[in-house]
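Dear colleague,

Please find the structure below, handed over for your review. My notes on its salt bridges follow.

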Amino acid sequence: MAIDLKAYQKVKNPASATKKPMAQKEASSWLQKEIPLPGGGFNLKMKAAFYKELGVLLGAGLDLQQALSLISTTRKSKLERSVIKQLHEDLVEGHSFSESLERQKYFSTFEIHSVRIGEETGKLIMVLDEITGFFNESLLYRRQLTSALAYPVFVSLFAVLVVIFLLSFLVPLFSGIYDRFDGELPGITIWIISCSDWMKANLIWVIISTVIMFVLGFVNRSKPWFRKWSAIAILSLPLFGPIIKKVFLARFCRSISLLLGSNVPLLNSLGLVRKMISFYPLEEILATAHSKIYEGWDLHSTFSEFRFFPKSMLALIKVGEESSALDSMFGQLAEQFSSEVEQKTKTIGSLLEPVLIVFLGVFISIVLIAMYMPLFQLGSGFGM
């Protein structure tokens, strides 16, 4: 079921007569918090479960007050219980469900307007099902992004810890022994001991510098310059850069497909998706695209100006424009990108594990050989 936002524009809401015009509110805040950061309040997982259970209970014949009361008793999170209980209290006081959502800071304007349309048209259960599907898609893209980065990051950190242990604890044991001998050490042994000495002298500064970098990154995470360069660094990662790019392309295609399918004009859809996407390169592209389309450019020609979009995607967008089926075309693109991300993530995971294990094995072998080689040479000298 597509949410017809045009239907809402025709409905007069006396309760909002003293507020700002709806068009101004939509232009400034619609979907501004659609994809919140992990842990940022009533998050994606909570919302998906909430709307799913609410739709099921309403479909079973319960009214909104009964459904919210029942859902609140099943929640383990204190925040979830508090939010849902407040929604229930607002309903008891005479507010509609959409007004109750609007009184909470955790719900986006998209959710509020969608629920309001469901109330006005008598299709609230269908609207809740569609909102649930949207949040489930958002969770899927987040999981894909996490799975693409989690394993290599974990193994890389483990490798760094192994290197630090070997250079800080194992090598000094051997170097202390070799300091008592006057014989010349092999070059590889001297190099490993030099690395160990540098590590012991600078390890604390390395840790402090790393902590400072993380703190500075956290403090500046919302500043344009940091978002720009961090996005460039992420997209430049070998193997993982293209996967992360496709994750955001899938999220973009799914979001704009939903909005276009809900009869939101293209210009408005681009502006709203720009607030949803939370990825600097796409945000800048969509800002420029919005201006060009306003001047009369079509979507295909506008996106062709940017190297960010694959040629296959541009071709399908052109077909969608010519056939007046952009929403379904973007839906197909979302499915395609999501499938590619899943496949490539599995492939890289299966290939990366043995590569990283071999790398660790080779490094540890080099360190051990370098440390034991002088002992072998010394034993050979005694044998002579």
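E340 is partly exposed, at a relative accessible area of 23%, whereas K246 counts as buried at 17% relative accessibility. Here buried means under 20% relative accessible area, exposed over 50%, and partly exposed in between, with a 1.4 Å probe and protein chains only.

This is a predicted model, in which local features need pLDDT of at least 70 and side-chain atom pairs count only at pLDDT 80 or more, while totals for chains, interfaces and linings use all residues. Residues are numbered from 1 along each chain as its sequence is written, and side-chain values use heavy atoms, with hydrogens and water left out.

E340 and K246 form a salt bridge, their closest N and O atoms being 2.6 Å apart. The term denotes a side-chain nitrogen of Lys or Arg within 4 Å of a carboxyl oxygen of Asp or Glu. Because E340 lies in helix α16 (residues 326-383) and K246 in helix α11 (residues 240-261), the pair ties together parts that are 94 residues apart in sequence. Helices are DSSP runs (H or I, at least four residues), numbered from the N terminus.

A search of the whole structure gives 6 salt bridges. Among them, R227 meets E283 at 2.5 Å, N to O. R227 belongs to helix α10 (residues 224-235) and E283 to helix α13 (residues 280-294), so this pair links parts 56 residues apart in sequence. E283 is buried, with a relative accessible area of 12%.

The side chains of E80 and R75 also meet in a salt bridge, at 3.0 Å from N to O, and both residues are buried. Salt bridges with shared partners join E53, R75 and E80 into one network.

Definitions and conventions
Helix = DSSP H or I, 4+ residues; strand = E, 2+ residues; numbered from the N terminus.
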